[in-house]
Each structure stands twice: as structure tokens, then as C-alpha cells.
Amino acid sequence: MRIQMRVPESVDARVRRALLRIGGGLVGRRIESVVLPLELLQQLKQSDFSDQQEYDAWQKRNLRVLEAGLLLHPRVPLDKSNNASQRLRQIIHAALDRPIETGKNNESMQVLRSAVMSLASRSDGSLSDSCHWADVEMDLLYAADGQLAEVAKDAKTTRDPEYSKILSSTLSSILGWAEKRLLAYHDTFDSGNVYTMQGIVSLGVSAAKILVEDVSTEYRRKRKEVDVARNRIDTYIRSSLRTAFAQADSSRRASKNQPNPLPVLAILAKDVGELAVHEKQVFSPILKGWHPLAAGITELTPDAVQVLRAADKLEKDLVQIAVEDAVDSDDGGKAIIREMPPYEAETAIANLVKGWIKTRVWNPQANQEGYALSAVETLRIIDETLDAFFQLPIPAHPALLPDVIVGLDKCLQYYVIKAKSGCASRNTYIPTMPALTRCEIGSKFQELCVRINTLHHIRSEMDVLEKRIVTHLRNCESAHLEDFSNGLSKRFELTPAACVEGVQQLSEAVAYKIVFHDLSHVLWDGLYVGEPSSSRIDPLLQELEQNLLVISETVHDRVRTRIITDIMKASCDGFLLVLLAGGPSRAFSRQDSQIIEDDFKALKDLFWANGDGLPADLIDKFSATVRDVLPLFRTDTESLIERFKRMTLEAYGSSARSRLPLPPTSGQWNPTEPNTLLRVLCYRNDEAAS
């Protein structure tokens with residue numbers, strides 16, 4: 001073992017000597033009463049080491065072990081008011097800067113021993129005189145956390161019932177150990193040891209996920225979508241805050257017996273404020289690693305609202321009593337009422353709920369953690385926020401509902417804008433047209449399809465959310481008839497419009513990317529290059545058909561027709577671009593016109609798909625420009641030249657010779673314009689055209 005651990009013989013001998021000395025001093029004492037790092041510090045001197053540096057490092061290492069076992073992970077949880085723990089912490093931190101003298105009669109060593117033994121000998125309720133000084137489970141469980149990923153892999157593939165039984169028992173123990181600390185984390189952690197909380201949360205969440213997702217037979221059978229991490233964090237937050245709030249309530253009750261006690265509402269406000277600040281500053285930054293809305297103060301709002309409503313009722317009752325008692329007075333009780341300034345609980349409730357809305361509504365622009373929430377996760381947050389809002393014990397849900405919807409609408413709109421950003425427009429993929437002369441001069445579309453599905457799903461869910469809001473309002477005792485007649489206050493306005501615009505932009509981007517980028521080798525670089533009869537449209541149609549199949553299998557059927565229509569429009573643009581701006585590698589004779597017409601018919605047939613594809617009227621509508629241009633390729637050259645002269649004179653008059661028409665941009669071809677005729681002549685393969 002010594003060789004495997006690469007422990008030098010000198011170190012081994014030194015430790016053996018120390019253990020012999022410790023054992024020799026155990027006269028009448030049990031070995032369980034020994035705190036080993038403390039004894040090692042006292043038994044080994046600087047002379048036992050090769051140099052001062054080695055001795056200092058060894059002393060610091062043992063002090064760190066004492067800190068871990070007695071302060072960070074003690075067997076028995078520490079009382080925050082424990083003087084010994086404060087004293088030990090001071091001693092250790094001071095010794096890390098300046099080594100301490102460890103002689104048996106040295107004062108600093110005696111103070112250290114007193115603090116260590118005071119902490120180590122605390123009882124956990126069992127009848128034992130042993131020193132349970134370190135939580136051994138914590139050493140072991142942190143080591144286990146690094147192995148849980150491998151355990152998860154095994155659990156997914158193993159069907160051995162004995163293995164699953166043992167694994168379930170072990171993971172349940174780990175989860176129980178972690179949750180014992182996390183279900184009341186306000187008591188377990190403070191600013192001194194909060195850095196250990198992240199590891200414990202990670203351990204508990206990992207164990208819970210394996211138990212639910214990989215060990216649970218019910219989950220395997222039903223395959224329910226469960227966010228285990230989020231559910232556990234929710235439970236920890238609710239349990240811890242309720243425990244802390246209950247403890248604060250006990251303190252408030254005790255304060256009543258004190259001389260000159262503060263009003264209960266003042267104490268409540270102070271307690272809630274302190275608890276909220278502590279939660280936000282200390283715990284929320286850690287818990288947000290597993291839950292994007294881990295702002296525990298939202299859990300305190302319902303309790304505070306209930307107290308405010310009680311205060312409002314109390315105020316109204318007291319005013320009523322005062323008025324009834326003073327009804328026979330000269331001023332009818334007006335003087336008494338003036339001495340009772342209103343508490344305005346309803347205003348306080350409204351402000352509190354508005355703060356809750358601001359905290360609860362997820363702000364993606366402030367998402368500094370960099371979480372990439374899915375559309376499903378985002379919509380679930382929206383849904384949960386609406387449910388939580390209507391569960392608040394307030395009388396003014398209809399009045400505050402617009403604030404909630406505006407916040408959620410902006411959140412979703414920002415998500416939609418981000419979902420469609422980063423993709424190029426249709427013009428990005430259209431190649432630059434070559435000069436009007438015969439002289440020589442990247443995202444996967446599947447990903448864009450998923451984005452289109454996402455935006456369509458969000459748009460569809462808007463209707464569902466609006467119906468759910470109406471249902472919530474019907475169940476509100478404070479809702480009135482006019483709350484249902486005013487539909488605008490219950491509608492999302494920004495998000496649906498952003499979704500429609502986003503789907504349109506992404507659909508065009510998909511279409512033009514496929515045609516002009518992904519298939520450029522068979523369209524721009526292949527179609528009619530050289531001899532048209534030997535470079536026809538078949539290769540383009542084959543690859544285009546494969547892409548259409550992927551689209552059909554990937555895109556939601558409600559937006560599928562839109563994308564395929566855009567692909568047909570892009571294909572027609574590409575076909576025209578090849579004919580009228582194909583560059584010096586292309587030229588056409590009148591005899592090629594039949595080939596071109598047959599190829600274009602084959603392109604339209606691909607999208608018609610024997611009646612299973614796009615409607616015929618839709619195909620005719622978007623292929624009209626190509627259909628009008630193709631007859632020019634059958635027309636003889638002399639007729640084209642005469643028509644070009646006539647059109648040019650009509651358009652530009654006598655200065656036509658010095659003002660040749662500029663070439664149009666893609667999508668603007670018109671057979672009655674001189675530009676189009678000029679391009680047909682440019683690519684006409686005969687002497688007259690030249």
C-alpha cells in the first residue's frame with residue numbers, strides 16, 4: 001500500500017513513530033477518544049522533518065483537516081452561537097499565517113486542544129463517550145459525487161434487479177443525507193460555510209435524477225417529462241423559507257413579553273426584509289445553477305400579503321368600532337377618525353405584488369448565467385408564473401393582471417427575436433450576378449427548421465395561455481363582468497406578431513439557403529453549363545427532392561406548406577438566374593428552348609407531386625414570371641433585336657444609344673422590359689446576337 005500510494009519510507013517511518021507515541025499515551029483511554037490530527041500536531045516536531053518548509057506544510061495540512069472535520073462538516077451540526085467554534089476558527093486562520101508552537105505545555109497548543117476537544121466530544125444524542133468529530137459521510141459523499149455520472153450510465157443500461165435494489169438504497173441514503181441539510185438550508189449554512197452548499201446541492205440533485213430517471217420503473221414506463229433538478233430546488237426553497245419564517249414568527253411572539261415591544265407589523269416587515277436580503281445575496285446565486293427562477297423571496301410574498309390583508313381588515317374593524325362608539329359625540333366621531341391615519345394596506349399589497357411580478361417574470365436580458373433555455377422550459381416558466389400569480393391571496397387579480405401579461409409578453413418577444421437572429425436573409429444566399437458580358441471575370445437548414453417549429457409552437461401556446469387566463473379569472477372572487485369583456489388586457493400582443501415575422505424570415509432563409517447555397521453545385525455550378533443538353537435539371541431535382549423529404553419529416557405540418565412554397569419560389573428565382581445571368585459558361589440556341597421548357601415543367605411537377613404537394617393554383621402563381629420569360633427563348637434572334645430596339649426607344653427616346661438599361665436585381669425579371677430582352681440576347685448562341 002505504501003508503494004502504491006507513493007509514500008516515501010521516511011514519511012512512513014515518521015507517521016509510525018507518531019502513532020506509537022499516541023498509543024503509548026492512551027493509558028485508561030479508548031482509541032475513539034482521540035482526535036488524530038490534533039495528536040499528530042503535538043507528537044511531531046520540526047526536528048522530525050527535513051526542513052522548516054516541509055514542517056510548515058504538514059502543520060497547515062493537519063489544521064485544514066481539523067477545520068474540515070470540526071467546522072465545515074461536523075458530525076453534530078454546529079450551534080451558531082458556539083464559542084468554541086469561533087475560537088477554533090480564529091486559531092486556525094492565525095496559524096495558517098504563522099506556525100504555532102505545539103509543545104505539550106505551550107499555551108497556544110493548550111487553547112487549541114481545549115477548543116478541539118470541546119467540539120469533538122459533543123453528543124448527537126447517542127449513549128457514547130466517543131469523539132464523533134468529523135462527518136465521515138461527507139468525506140465519502142463528496143468522493144461519490146464525482147462517480148455519479150458513471151453510475152448514471154450504468155443505471156441506464158443495467159436491468160439486474162439486485163443491482164437496481166442496492167443502487168436505489170444507496171442513492172436514497174445519499175439523497176436523505178443531502179436533504180437533511182437542504183430542507184432547512186438557512187439553519188445549515190451561513191456566510192462562513194456557504195461555499196460547501198453547491199457541492200451538497202449537486203450531490204442531492206444528481207442522486208435524485210438517477211433515482212427518478214434511471215432507477216424508477218414508473219418513469220421508464222410512462223416516460224413523463226420531469227425536471228427533477230428544478231422540482232428539488234423548488235422544494236428546498238419552500239421548505240427552508242417556511243422554516244425560517246416560522247422561526248421568525250416564534251421570535252415575534254416572544255417579543256410581545258418584552259417591555260415596550262415593537263408593533264407586530266413592524267417586526268414582521270423587519271424579519272421579512274432581512275430574510276429576503278439574506279436569501280438573495282447568499283443562497284440565490286448558488287441555487288440558480290439548477291433553477292433559473294431561484295429567487296426565494298417570491299415564496300415569502302403570499303405570507304406577507306396574508307398579513308397585510310389581516311391588517312386591512314383589522315383597520316376597518318377598528319374604524320367601525322371607533323365610529324360606533326363616538327356616534328353620540330358632538331362631531332360624530334370625526335376627531336377620532338382624524339387621529340387614526342390610514343395604513344393603506346391595499347396600496348401596500350399592490351406594491352408588494354408588483355415587486356413579486358418584477359422578481360418572478362424571467363428577464364432574459366439579465367440572464368448573466370448564460371443559460372440557453374428551451375422553448376418548452378420558457379413556456380413552462382410562463383405557465384408557472386401565471387399559476388403562482390392567481391394563487392396569491394390578493395383581492396385585485398384583474399387589476400394587476402395587465403402588468404403580469406406585459407412582462408411575460410416582453411420576455412417571450414425577446415426569446416423569439418433571439419431565436420430568429422443569427423440566421424441570414426434570403427439575399428445572403430443569392431449569388432452576385434456576373435457582369436453583362438461573355439468575358440471571364442454556413443447554419444444547417446435542419447437547425448433553422450427546428451427554430452421555425454419553436455416559433456410556431458410558441459405562437460400556438462399563446463392561444464392556450466390566453467384561454468387559461470380567462471379560466472383563472474372565472475375562479476377569482478374579485479373578478480367582475482367587465483374583466484371578461486375587456487379582452488385586450490388578457491392578450492399577448494408582442495409575441496404573436498414576432499412569431500409570425502420570425503417564421504416568415506426563417507422560412508425564406510431556409511428556402512434560399514437550400515437552393516442557392518446547399519445545392520449551388522447542381523444549380524449555379526452545374527445547370528446548363530457548357531452544352532445545355534448534357535447538363536440538364538435532373539441532378540438538381542434529385543437533391544431538391546431529398547431536401548423536401550427532410551423538410552416534410554422535420555417541420556410541423558401547419559408551417560410545412562409555407563416553407564415548401566418558399567423553396568419553390570427560390571427554385572424559380574434560381575432557374576431564371578441561370579437563364580438570364582448565368583455568366584460566360586452558359587449560352588442558349590433556339591433549339592435549346594424545348595429542353596428548358598421541359599426542365600421547368602419537371603421542376604413544377606416536383607412540387608405538385610401528383611396532387612400530393614402544393615396546390616396547382618399556388619404553383620401557377622409563383623411560376624408566372626418564368627412562364628412569361630420562356631417564350632423569349634423560342635423567338636428568333638432578329639425578332640428579339642427588333643423588339644429590343646422598339647422597347648428601348650419607347651423607354652428612353654432618342655438618347656437610347658447612350659443610355660443602355662441597367663440589369664435588374666433578382667426577382668424583377670419582366671419579359672416586357674428591355675433589360676430582360678437584353679439578357680436573352682446576351683446568352684443567345686448565334687452570330688446575330690453577338
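Which residues have the most contacts inside the largest nonpolar core? I began with this question on a predicted model, in which local features need pLDDT of at least 70, side-chain atom pairs count only at pLDDT 80 or more, and totals for chains, interfaces and linings use all residues. I number residues from 1 along each chain as its sequence is written, and side-chain values use heavy atoms, with hydrogens and water left out.

**Entry 1, the cores.** I found that the largest nonpolar core has 95 residues, and that Phe389, Ile551, Ile567, Phe575 and Phe607 have the most contacts inside it. Such a core is a set of buried Ala, Val, Leu, Ile, Met, Phe, Trp, Tyr and Cys residues joined through side-chain atoms within 4.5 Å, where buried means under 20% relative accessible area, exposed over 50% and partly exposed in between, with a 1.4 Å probe and protein chains only. Helix 24 gives the largest share of this core, 14 residues. Apart from it I noted another core, of 37 residues, among them Leu171, Ile237, Ala244 and Leu287. I then listed the contacts of Phe607 (heavy atoms within 4.5 Å), and, not counting residues up to four places away in sequence, they include Leu544, Leu548, Ile564, Ile567 and Met568.

I looked up the secondary structure and found 30 helices and zero strands, both being DSSP runs numbered from the N terminus (helices H or I, at least four residues; strands E, at least two). Of the 690 residues, 42% count as buried.

Because Tyr528 lies in the loop between helix 22 and helix 23, and Phe588 in the loop between helix 24 (557–581) and helix 25 (593–608), the pair ties together parts that are 60 residues apart in sequence. Phe588 also forms an edge-to-face pair with Phe633, at 5.8 Å centre to centre and 85 degrees between the planes; this links the loop between helix 24 and helix 25 to helix 28 (residues 631–634), 45 residues apart. Both Phe588 and Phe633 are buried. Ring pairs link Tyr528, Phe575, Phe588, Phe600 and Phe633 into a cluster.

Is Tyr528 buried or exposed? Tyr528 counts as buried because its relative accessibility is 0%, and its phi is near 60 degrees, a positive value in a residue other than glycine. Most residues other than glycine have a negative phi. In this loop, between helix 22 (494–518) and helix 23 (538–554), I also found Ser535, which at 12% relative accessibility counts as buried. The side chain of Ser535 reaches the backbone oxygen of Val529 at 3.1 Å, and Ser535 touches Gly526, Leu527, Tyr528 and Val529, not counting residues up to four places away in sequence.

Methods:
A polar contact is a pair of N or O atoms within 3.5 Å; within protein, one must be able to donate a hydrogen and the other to accept it, and residues adjacent in sequence count only if both atoms are side-chain atoms. Rings of Phe, Tyr and Trp (its six-membered ring) pair if their centres lie within 6.5 Å; planes under 30 degrees apart count as stacked, over 60 as edge-to-face and the rest as tilted.
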